[in-house]
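Thanks, everyone. Please take a moment with the sequence and the model, and then I'll walk you through what I found.

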Amino acid sequence: MLSRQLGAGALRRGASLPAFRQKNALNLSRGLAVRNASTASSSAFESFLNSRLTLVSVSLFTAGSVAWYTHLYGSLPFLAQVHASHASDEGLHPPEYPWDHKGILNTFDHASIRRGYQVYREVCAACHSLDRIAWRNLVGVSHTVDEVKAMAEEVEYQDGPDDEGEMFMRPGKLADYMPNPYANESAARAGNAGSLPPDLSLIIKARHGGADYVYSIITGYVDPPPAGVEIREGMSYNPFFPGGALGMARVLYDGLVDFEDGTPATASQMAKDVVTFLSWAAEPEHDERKKNGIKAVILFSALTLISLYVKRFKWTPLKNRKLIYDPPVDKKH
Ligand code: HEC
């Protein structure tokens, strides 16, 4: 098709050109004839592809194969895994919560991060580490530098060796990382009936469902478990956890902590705050990222408008101008 158009165009142009160009045009048209031969065979193939009979028979063949396969194996390929497991193995899907920082223009609620840190420190830190967060990270986010220094100094860190080659303990500094509740993994497992409390630094990113999932986990315990569900000693039933049996018992109860800003410490309030804190821990660059994002959108839209303007009003007249050679008039005649 393309070659035919090209050939025809070339011919037409050839006709209006001086004689010496016409030879070229003829060559082109000969080329066209040769191409036509191949176009003819491919158009037969095209008409086969486009024919209704082909369409109907291919559809029948597909439907037939699917029917035959389902008759033989009872289900479709690739869907088998879904059938092989029970819905509860995947865990209940968490509902979507309206987090303050969810929208593209929204930043973290920093008062909530501050309360969430308190919940983490007073409740979760008994079992969960927060390896990737250093004290200094809290400065300017949830606490002032003096507050953070004071909090760090309450924790003893091992340092050294000193001049005598001895390790010694010293109060924490801004550069230290959050202390671990257990000395090592075995101690953590031993303290929790064999389950390992995961590090919470990246838990929001590490779990399907993110903040919604973690919120649902810590508020979603069902006690006693529904009829027919067997839970081993030391485990708790939580429908949001894949499998349903969680090695962490319910930890949040109304009034567990005292918020300094007077917010009522209900279980759901504490859960919301600690999840906001953990969302920040998993993505400390979040606020900055959105701010830079919106700057980039503004900047690039301005640049797009400018380039459209330049293309339309400055470049187009140059691109479309026609240069005509006006030969000098022979004055002799
Ligand atoms: C008494 C110790 C203890 C406390 C306190 C505790 N946890 Fe846990 N947590 C665990 C253990 C043990 C597990 C591992 C459970 C498992 O794998 O079955 C766990 C698992 C988790 C998980 C991971 C679930 C998953 O999908 O793997 C999250 C999230 C979590 N805890 C959040 C918290 C938060 C938030 C707090 C504070 C409000 C908290 N935990 C307090 C012991 C604790």
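Start with the contacts. Take pairs of residues in the protein that touch and sit at least 6 apart in sequence: 57% of those contacts join residues at least 24 apart. Keep in mind that this is a predicted model. The protein has 333 residues, and buried ones make up 17% of them. Its secondary structure comes to 13 helices and four strands.

Now the core. Nonpolar side chains tend to be buried together in soluble globular proteins. Here, the largest nonpolar core has 36 residues. Which residues have the most contacts inside it? They are Val 214, Val 274, Phe 277, Leu 278 and Ala 281. Helix 12 gives the largest share, nine residues.

Let's zoom in on Ala 281. Leave out residues up to four places away in sequence. Ala 281 then touches Leu 130, Ile 133, Leu 200 and Ser 201.

Next, a helix pair. Two packed helices are described by the angle between their axes and the distance between the axes. Find helix 6, residues 110–122, and helix 12, residues 267–282. They pack at an angle of about 100°, and their axes are 7 Å apart. Angles of 65 to 115 degrees count as roughly perpendicular, so helix 6 is roughly perpendicular to helix 12.

Who meets whom? On the helix 6 side, look for Ser 112, Ile 113, Arg 115, Gly 116, Tyr 117, Val 119 and Tyr 120. On the helix 12 side, look for Met 270, Lys 272, Asp 273, Val 274, Thr 276, Phe 277 and Trp 280. By class, this contact has eight nonpolar, three polar and three charged residues.

On to helix 11. Is it mostly covered or mostly open? Mostly covered: eight of its 10 residues are buried. Among them are Asp 212, Tyr 213 and Val 214. The cover over these buried residues includes helix 10 and helix 12.

Last stop, the ligand. Helix 11, residues 210–219, matters here too in the count: three residues of the shell around the ligand come from it, the largest share. Which of the 22 residues around the ligand come nearest? Cys 124, Cys 127, Pro 197, Gly 247 and Met 248. By class, the shell has 17 nonpolar, four polar and one charged residues.

That's the tour. Over to you.

How values were computed. Residues are numbered from 1 along each chain as its sequence is written. This is a predicted model: local features need pLDDT of at least 70, side-chain atom pairs count only at pLDDT 80 or more; totals for chains, interfaces and linings use all residues. A residue is near a molecule or strand if its C-beta atom, placed from the backbone, lies within 6 Å of it. Helices (H or I, at least four residues) and strands (E, at least two) are DSSP runs, numbered from the N terminus. Ala, Val, Leu, Ile, Met, Phe, Trp, Tyr, Cys and Pro count as nonpolar, Asp, Glu, Lys and Arg as charged, and the others, Gly among them, as polar. Axes are lines fitted to C-alpha atoms, for helices over the stretch in contact, and angles run from 0 to 180 degrees between N-to-C directions. Angles under 35 degrees count as roughly parallel, over 145 as roughly antiparallel, 65 to 115 as roughly perpendicular and the rest as oblique. Two residues are in contact if their C-beta atoms, placed from the backbone, lie within 7 Å. A nonpolar core is a set of buried Ala, Val, Leu, Ile, Met, Phe, Trp, Tyr and Cys residues joined through C-beta atoms within 7 Å. A residue is buried if 20 or more other C-beta atoms lie within 10 Å of its own, exposed if 12 or fewer, and partly exposed in between; C-beta atoms are placed from the backbone.
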